[in-house]
Amino acid sequence: MTKSNRLIVTLLVMNAIGHNFHGIWRHPGARTREFNTLDLWVDLAKKAEQAKIDAFFFTDLLGIQGEFNGSRDVIFEQAMNVPIGDCSMLLPAIAHATTDIGLMYTSSVIQHHPFVFARMASTLDHLSNGRVGWNIVTSANEKAFRNLSLPGNLSHEDRYAWADEYVDVMYKLWEGSWDVDAVKNDPTNGVYANPRKVHDINHIGERYQVEGFNLMQPSPQRVPVLAQAGGSPAGLEFASRHAELMFLSASTPEAIAAQVGTVRGSARQYGRHDSDIKFLLGMMVIVGSTDEEAKRKWSELEEFRSPEAQTAYFSSLSGLDLGLYDPETLLEDLVDHIPGIRGAFNALINGWPAGSKPTVRDFLTSLPRMQTLAGTPERIAARLIELQNAGVDGVQLMNALLPETYDDFFEYVVPVLQDKGIMQSDYRAGTLRQKLFDTENPHIAERHPAFGYRGMFG
Ligand SMILES: Cc1cc2nc3c(=O)[nH]c(=O)nc-3n(C[C@H](O)[C@H](O)[C@H](O)COP(=O)(O)O)c2cc1C
């Protein structure tokens, strides 16, 4: 395995009963109703670590806006993203039970004051020995804003302007407030930290005024690994400046190559290198000993899918109650009016075969199909190699049935990927950043804007 052809593999999960395969919680093999126990997550983490999975990736939400035909009954009946726990609370337990797997999690810029969040993330990075990653989201969901005393109607530009200031404060706290050699830990001379090497950041911005220094001393990575999934022009621009991991909202090799090209092209203008950003693609893998068996397994799982809850889920992502639309409505007539996440809609429009145009009906029935890869381990490996050639650096594995989907992947697919040399057979030593980027440096690259604050307040 060379540095360039290793595929990063993460598990895309939510601390909820229903994540993105809605209705499956009724399946006798589903353990997601144990989402509020540590055992479910710690068991999964131990198995994932044995399989050399790179990281967990916890998604999160601060508001549920899914409706089906004007009613929200289905979201409660089918546990559609709700109840949802605070995933950050699971991380110390997972960290304590494992040694290498990464702990990526989502925290919206509207969720915590940056002063508070900087300390939380630093603490987790200490407790996990440098394994934390932060998925920076701006909350595309209007309910989230209204739940937090904020106006619900911010434009993409306003959301990302907010994110810009937020990360600026974080970078000042993480990189600027404690010099690299501030902590002496020297009981002989009675000096824990050198007072001249810890600085107030005195940030005065549009939304935040932060006078002091990070209350937590610098963690192994100083700045956690930064991930981002913007799909709008403002989001892609933000990613090109800040992301070390970027989550693709594209499905075909052509669309993937285009999105990778756009972000890398823009990142180069900010002085960043192509290798500074890794691109991950979400997918669901269903494995069988033959392709037919995998397809049969998939259709058995599909029996449990609730079309109503699934529609409510896509309504929640987009902010439109899709059940109220004529199923024949063309997606292209809808997409500009979507207040929430447009990426999945654009992915379908861009990936649709020439000669016809996708409709709301197509969206509701095809999106899960486009994200699912069912077949033998060999077929799955071949497809992953094809995606790699289009520019994908890694995958975010969604689950149909937790834990079975992952157990199957660990048992049957991982050995094949390892044999082919596209998946690691052991972890590299060091922090999450060192493992993902195969670098000696546990800290953020010098070319990243966060690094610019190092030593600035001295
Ligand atoms: C794989 C993936 C995971 C995401 N996870 C979250 C999440 O956990 N919480 C959230 O609010 N948004 C999440 N998003 C949404 C993105 O942060 C972003 O808002 C979305 O892709 C739309 O882009 P835009 O904000 O530029 O319009 C995710 C997107 C993708 C593709």
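1. Helices here are DSSP runs of H or I with at least four residues, strands are DSSP runs of E with at least two, and both are numbered from the N terminus. By that scheme, Arg222 sits in the loop between β8 (209-210) and β9 (225-228). Arg222 is not a glycine, yet it has a positive phi of about 60°. Its relative accessibility is 3%, so Arg222 counts as buried, where buried means under 20% relative accessible area, exposed means over 50% and partly exposed lies in between, with a 1.4 Å probe and protein chains only.

2. A word on the basis of these remarks: this is a predicted model, in which local features need pLDDT of at least 70 and side-chain atom pairs count only at pLDDT 80 or more, while totals for chains, interfaces and linings use all residues. Residues are numbered from 1 along each chain as its sequence is written, and side-chain values use heavy atoms, with hydrogens and water left out.

3. A positive phi also occurs at Asp438, about 45° in this case, although Asp438 is not a glycine. Asp438 belongs to the segment after α16 (432-437), and because its relative accessibility is 36%, it counts as partly exposed.

4. Arg433 has its place in helix α16 and, with 2% relative accessibility, therefore counts as buried. Leaving aside neighbours within four places in sequence, Arg433 is in contact (heavy atoms within 4.5 Å) with Gln221, Val223, Pro224, Val225, Glu244, Asp438, Thr439, Asn441, Pro442, His443 and Ile444.

5. In soluble globular proteins, nonpolar side chains tend to be buried together. A nonpolar core is taken here as a set of buried Ala, Val, Leu, Ile, Met, Phe, Trp, Tyr and Cys residues joined through side-chain atoms within 4.5 Å. The largest such core in this model has 92 residues, and those with the most contacts inside it are Leu11, Trp41, Ile53, Phe56, Phe58 and Phe409. Helix α6 (residues 156-176) contributes the largest share of this core, namely 10 residues. A second, separate core has 25 residues, among them Ile24, Ala227, Trp298 and Ala374.

6. Not counting residues up to four places away in sequence, Trp41 touches Val13, Met14, Asn15, Phe35, Phe56, Phe58, Leu90, Ile94 and Leu402.

7. Another cis peptide bond joins Val82 and Pro83, where omega is about 5°. Pro83 lies in the loop between α2 (73-77) and α3 (91-97).

8. Two packed helices are described by the angle between their axes and the distance between the axes. The axes are lines fitted to C-alpha atoms, for helices over the stretch in contact, and the angles run from 0 to 180 degrees between N-to-C directions. For α6 and α7, the axes come within 9 Å and cross at roughly 15°. These helices are therefore roughly parallel to each other, given that angles under 35 degrees count as roughly parallel, over 145 as roughly antiparallel, 65 to 115 as roughly perpendicular and the rest as oblique. On the α6 side, His156, Glu157, Tyr160, Ala163, Asp164, Val167 and Tyr171 meet Ala234, Gly235, Phe238, Arg241 and His242 in α7.

9. Helix α7 (residues 233-242) also packs against helix α8 (residues 253-269), at an angle of about 55° and with the axes 8 Å apart. The pair α7 and α8 is therefore oblique. Leu236, Glu237, Ala239 and Ser240 in α7 meet Gln259, Val263, Ser266 and Ala267 in α8.

10. Two prolines in loops complete the note. Pro151 lies in the loop between α5 (142-147) and α6 and, at 48% relative accessibility, counts as partly exposed; Pro151 and Leu432 are 281 residues apart in sequence and 36 Å apart in space, C-alpha to C-alpha. Pro339 is found in the loop between α11 (331-334) and α12 (343-351) and counts as partly exposed at 33% relative accessibility. Not counting residues up to four places away in sequence, Pro339 touches Ala140, Glu142, Ser318, Gly319 and Leu320.
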